[in-house]
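This report describes the architecture of a two-chain model.

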Amino acid sequence: MTFLNVVEIESALNGLAATYPNISQLITLPNFTAEGRQSHALLIGTRKGCPAAGVLIISGAHAREWGGPDICINFATDLLEAYSGGTGLVYGGTSYTVAQIKSIIERVDVIVFPDINPDGRHYSQNTFAMWRKNRNTASSGGQASKIGVDPNRNYDFLWDFNTTFDPAAQAGLTLASTDPSNDLFHGTAPFSEAETKNVRWLFEQYPHIGWFMDIHSYGGDILHAWGDDTNQASDPDKNFTNPAWDGKRGLPSDAYGEYIGACDLATAASAGNAVSAAIAGVRGETYAVAQAFFLPSWGSTYPTSGASDDWATSRYFANSAKKKVRAYCVEFNRVKTFFPSWADMEPIILDVDAGLISFCLKAVPALSLPTWLCHLGRWWNEAIWHRVFPPELWGPYGPWERIRRVVESILIPIIRPFMRNFRGRSREPHD
Amino acid sequence: MDDQIESGDSNQSQRNEAIPPDLYSARVTGSRETLAKLMQTFELDVGCRHPEIEANPDRTATLLVYATKERIRELQDAGYKVETVENVSELGRQRQKEVGKGDRFEGGRVAPRGLGEKPGQGRKGGSGS
């Protein structure tokens, strides 16, 4: 067993879509990477027409964090195998029932985009293992040391950090960088990169996505909004869209805090805790749930701009017509290394996949009346109507339809002259 | 996919240029103020999202960074207590041997098998990824 290479990630998605055609569907992402690769995602769910919640899980943004795509492929595989086999799922001490797996597949659209930065992964796995960014040369000026953009500083959330953050907010360490040779280079514009454009495209194509997880490494943390400043629930005017606060973000204990409703914050923490509990149940690994702005183990603050989880959360706050998204970043592996052996990676895969199943369960929508009626209609159709009138007998390709056509083809030529005569006679009085 | 990439993309010449120098993991130990000053003064690779800092019993703390030999020497010359842990680029090269070769899923003709247990199926998966 080994880490997946970029070709194998794509093949795995193809294989799953081909093996489980009724409950999965390959999604082709429209934006080609700088090195010409086209990425795919997998949509998992029965999609039988009833309202479903949407979950998007991505990974591989940072090239050197190898295990993320492996976690995603295994997660998708386990989910599809368990549903198809009518079983539950067990990860060490964390287990899920058949009904729980069924509720995810039948009431949630789970979209898994396992490797958003295949160029970077290919370079890391074959050339320079510690490579973090993508392989875009647009800002390099021909110098190898200036290749690449950090996809997770390229989203449209306070991207222009020099304007929107306080200068003291530690530019260059975690915030972002305008220097192409820096590992945190944020690109030439928000969404300048194919990798982030593809993630945005998924949100646009599947506007019901309400839950988002970006898988990174390492640390053993589950991070939620916001990443730019302290949270506050009292003053909605203090928010990332308000230019009056430009130049004042990113520092703790000052006048600015990023607005988030108290209920939203409680939900964010609650879902994070559910993921953490599921991970801990597998073999006892403790993942800390924290606001992304704070370093869990130290209490200091480390702001970020242009990060995926903040952007996903911000969409609703910037435009309330869009779906509210609960967005997270999980930093897998409590051992501080980007390169665990495969033997060490397998237990981590089980840990995080248990957390992802719990994450999806959080997304399962409550049964509202329209949803309940829709499911009732589906049950009636499948359990009663199609048994009494099986589509293979009564449908357009069934024997009754064929008999009807044969009878028509025999009778109509016989009846047609009589019909003409009848019509002719019926027209005579008027002539 | 890779064949398609090799056929004349504009990045080819730059991909052939020098590979970055090896990076080492290093532990920098000092007071909270010392580490804060370090992080403000030097552009450092501190990992993914956050620096990893461990509190020590003597009220100091230790920060894990990734740097070239030259940068580690600069930190030491600036008076920081730095302990080199390992050559992480070399570790990465070793781990590259644990990356799949070819395509175990044969372009999608073979589906992966999951590692999670499916009770009642009488097997634990894992033949794929």
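## Chain B: burial and layout

Chain B has 129 residues, of which 32% are buried (20 or more other C-beta atoms lie within 10 Å of the residue's own; 12 or fewer make a residue exposed, values in between partly exposed, and C-beta atoms are placed from the backbone). The model is a predicted one, in which local features need pLDDT of at least 70 and side-chain atom pairs count only at pLDDT 80 or more, while totals for chains, interfaces and linings use all residues. Residues are numbered from 1 along each chain as its sequence is written, and chains are lettered from A and ligands numbered from 1 in the order in which they are written.

Five helices and four strands make up the secondary structure of chain B (DSSP runs numbered from the N terminus: H or I of at least four residues for helices, E of at least two for strands). Their sequence order is α-α-β-α-β-β-α-β-α. Among the contacts of chain B with a separation of 6 or more, 57% link residues 24 or more positions apart; a contact requires C-beta atoms, placed from the backbone, within 7 Å.

## The sheet of chain B

The four strands of an open sheet in chain B are arranged in the order 2-3-1-4, with antiparallel pairing (strands pair if DSSP finds at least two bridges between them). Strand 2 (52-55) and strand 4 (81-87) of chain B are the edge strands, each pairing on one side only. On average, neighbouring strands of this sheet are turned by 25 degrees against each other, direction ignored.

Strand 1 (residues 24-30) of chain B runs antiparallel to strand 4 of chain B and is joined to it by six bridges. Within this pair, Ser25(B) has Glu86(B) in strand 4 as its bridge partner. Helix 3 (residues 32-41) of chain B packs on the sheet, where it touches strand 1, strand 2 and strand 3 (61-67) of chain B; the direction of helix 3 makes about 135 degrees with that of strand 1. Such angles run from 0 to 180 degrees between N-to-C directions, with axes fitted to C-alpha atoms, for helices over the stretch in contact.

## The interface

In chain A, 72 residues are in contact with 61 residues of chain B. Helix 1 (6-19) is among the elements of chain A that give two or more residues to this side, as are helix 2 (67-85) and strand 7 (209-217). The largest share, nine residues, comes from helix 1 of chain A.

By class, the chain A side comprises 29 nonpolar, 30 polar and 13 charged residues (Ala, Val, Leu, Ile, Met, Phe, Trp, Tyr, Cys and Pro count as nonpolar; Asp, Glu, Lys and Arg as charged; the others, including Gly, as polar).

## Backbone exceptions

Most residues other than glycine have a negative phi, and most peptide bonds are trans. In chain A, a cis peptide bond with omega of about 15 degrees joins Ser217(A) and Tyr218(A), and Tyr218(A) lies in the loop between strand 7 and strand 8 (221-224). The bond from Ala225(A) to Trp226(A) is also cis, with omega near -10 degrees.

Arg59(B) counts as exposed because it has 8 C-beta neighbours inside 10 Å.

Notes. Two residues are in contact if their C-beta atoms, placed from the backbone, lie within 7 Å.
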